[in-house]
Structures are given as C-alpha cells and as structure tokens.
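Please consult the sequence and structure shown below.

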Amino acid sequence: MDKQQTWEDTRTIPGTLTKQDIYDLLDARGIEYEAVEHPPVCSVEEADALAKLPFAEHEAKNFFLRDPKHREYYLVTVPDHKKVDLKRVQAELGSRRLSFASADDLAEKIGIYPGAVTPFAALNAEGGSIRVALDADFVRWGWIGCHPCSNTASVHLRVPELIALLGDAGHEVEVVEL
C-alpha cells in the first residue's frame, strides 16, 4: 500500500468503525475532544515530520501483540516517544513471551490495518476478547491523543472518558507502568 493512502482508501472491513463513526460516538456520549485532520501517518517518525499537533505532548503509539499460541491478544498504548521493552510489557501483563501480531490478526481481531492502530480499535472487538493496556503516564497527564480508527486524523480527549468508553464496550483497561 502506498504510504500516502490510508487503509480506508484501499481496503474496508465490513462492520468496523470508521473515523466518522468514532466522531459520532464521541458526540453522542457528550465527550469533549479535539480532532485534527492530517496526511496519513504510519509511524511516530512520520507524525513528527508533520507540523506539530496542538496536543503533541499527549500523542500515543500502539502495539498489537499476541502470545506464542495465538490465544491472547493485547492492545498496548504508550506515549509516542517512550522506548518499550517487550519483556517489561510481558511482566506487567503477566504474560508469556509476546510478539507483534500480523496484519491479518489486526484486521481479524480489531478491524484495523497497520498504521492506524488505536485504543478505539478495541471497539471493533467483542468485549473481553482482547486485553487493553494503557501506560500510566496518560493517566497522570489526564489526556491522550490517538487515531480515530484512521491514520488521517488524531483525536485528543480526556483519559477517564476513553477508559469509560472502552469499559462500556466490555474492555477493562489495564493501567500499567511501562
């Protein structure tokens, strides 16, 4: 896929949430947020190359991980410039060895493609079918910036509201020190 195209431009997964669906959901729940449209980004480096977002200090990067037997899946969100040690993640989550899930796993389990992974993608999964972990820095800051199921925008919202939204969908958010 051309990096200048979003997965929405080239592929769709029936029944999954779009960027507009996320905006509509936030509006319907009365959740205050700021959305910024931008060219597609698939990495922290590409996001850094853009003009700074007004909430860049709260931006997230996300990992979709799996155990060796493909039984447990984890959506892990950390501050965008934080170095992540998978052994530390494993220890914090009480998991066996973890590795990155494949693009097929992303599409099948959370209805998203590489470059657009976000905590909002958990809303595409059946409640409790994946584990969602959020770095404690976000809780301390009170804010998070992440994609709205599309890598062509970023949304800034309060962390307690994101946690409540995911909890209402059946995904208990584990706050971890990474």
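## Overall architecture

The model is predicted. The protein contains seven helices and eight strands. Of its 178 residues, 50% are buried. Among contacts between residues at least 6 apart in sequence, 68% join residues at least 24 apart.

## Helix H7

Helix H7 spans residues 159–168, and its buried residues are Val159, Leu162, Leu165 and Leu166. Viewed down the axis of H7, these buried residues fall within an arc of 125°, and therefore line one face of the helix. An α-helix has 3.6 residues a turn, so residues three or four places apart point the same way. Pro160 and Asp168, on the other side of H7, are exposed.

The partners of the buried residues of H7 include both helices and strands: they pack against H2 and helix H6 (136–141), and also against strands E5 (131–135), E6 (143–146), E7 (153–158) and E8 (173–176). After H7 comes Gly170, with a positive phi near 95°.

## Thr16 in the H1–H2 loop

Thr16 lies in the loop between helix H1 (7–10) and helix H2 (19–28). Its relative accessible area is 16%, and because the cut-off for a buried residue is under 20%, Thr16 counts as buried. Beyond its neighbours within four places in sequence, Thr16 is in contact with Asp21, Gly111 and Asn124.

Technical notes: Residues numbered from 1 in each chain as written. Predicted model: local features only at pLDDT ≥ 70, side-chain atom pairs only at ≥ 80, totals over all residues. Heavy atoms only, no water. Helix = DSSP H or I, 4+ residues; strand = E, 2+ residues; numbered from the N terminus. Buried < 20%, exposed > 50% of the residue type's maximum accessible area, 1.4 Å probe, protein only. Contact = heavy atoms within 4.5 Å. Arc of directions from axis to C-beta.
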